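Thanks for coming. I will take a few minutes to walk through one structure, so please have a look at it first.

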Amino acid sequence: MAPSPKGHEGALWRFYPAGEDLPFISVDADNQVTPDDAKHIKKWLKSKDPFYIRFYEGYFVLKMTAGRWGSRCNAIPDIKERINKYCDHWFGFDEAFLNKEIWPLLQEYGYYSAPMPIGGYALNVTVLGILISFIYFLML
């Protein structure tokens, strides 16, 4: 996909499928879909829940990250309009967008959660989450 004239390039347009006709899962490039993830995704697809989200224990600052969340067909029909309100592209901007625009929908309409065991990775992600949250609150 060509870079957007708004300037958010791949940070946000990768969420466009939330308004399309197929279920989708967003996975960060630096994460792998584990067999445990696949098990929970299959369970979600069999449910009627409109959204899927994979929480990490210890990642308590941000409710959502760009990886491991998804939605059913047309769960967010106005996703392009939501995205086009933004034109930033700094590190963590996608998480700030998700927590401001998409998390309220997941809260209101339900979600499937499957926490991962806490470990060194979760601790590092938590520290990163604190930094991203600080930036997110500056956006408000």
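Which residues of H2 are buried? Before the reply, some ground rules. This is a predicted model, where local features need pLDDT of at least 70, side-chain atom pairs count only at pLDDT 80 or more, and totals for chains, interfaces and linings use all residues. Residues are numbered from 1 along each chain as its sequence is written, and side-chain values use heavy atoms, with hydrogens and water left out.

The buried residues of H2 are Asp37, His40, Ile41 and Trp44. Buried means under 20% relative accessible area, exposed over 50% and partly exposed in between, with a 1.4 Å probe and protein chains only. Helices (H or I, at least four residues) and strands (E, at least two) are DSSP runs, numbered from the N terminus. The four lie on the same side of H2, because they cover an arc of only 105 degrees around the axis, taken from the directions from the helix axis to the C-beta atoms. They pack against strands E1 (24-26), E2 and E3 (69-71), where contact means heavy atoms within 4.5 Å. The face turned away from the buried side carries the exposed residues Pro35, Lys39, Lys42, Lys43 and Lys46.

Last, Cys87, which sits in the loop between H3 and H4. Cys87 counts as partly exposed because its relative accessibility is 48%. Cys87 and Leu12 are 75 residues apart in sequence, yet 9.5 Å apart in space, C-alpha to C-alpha.
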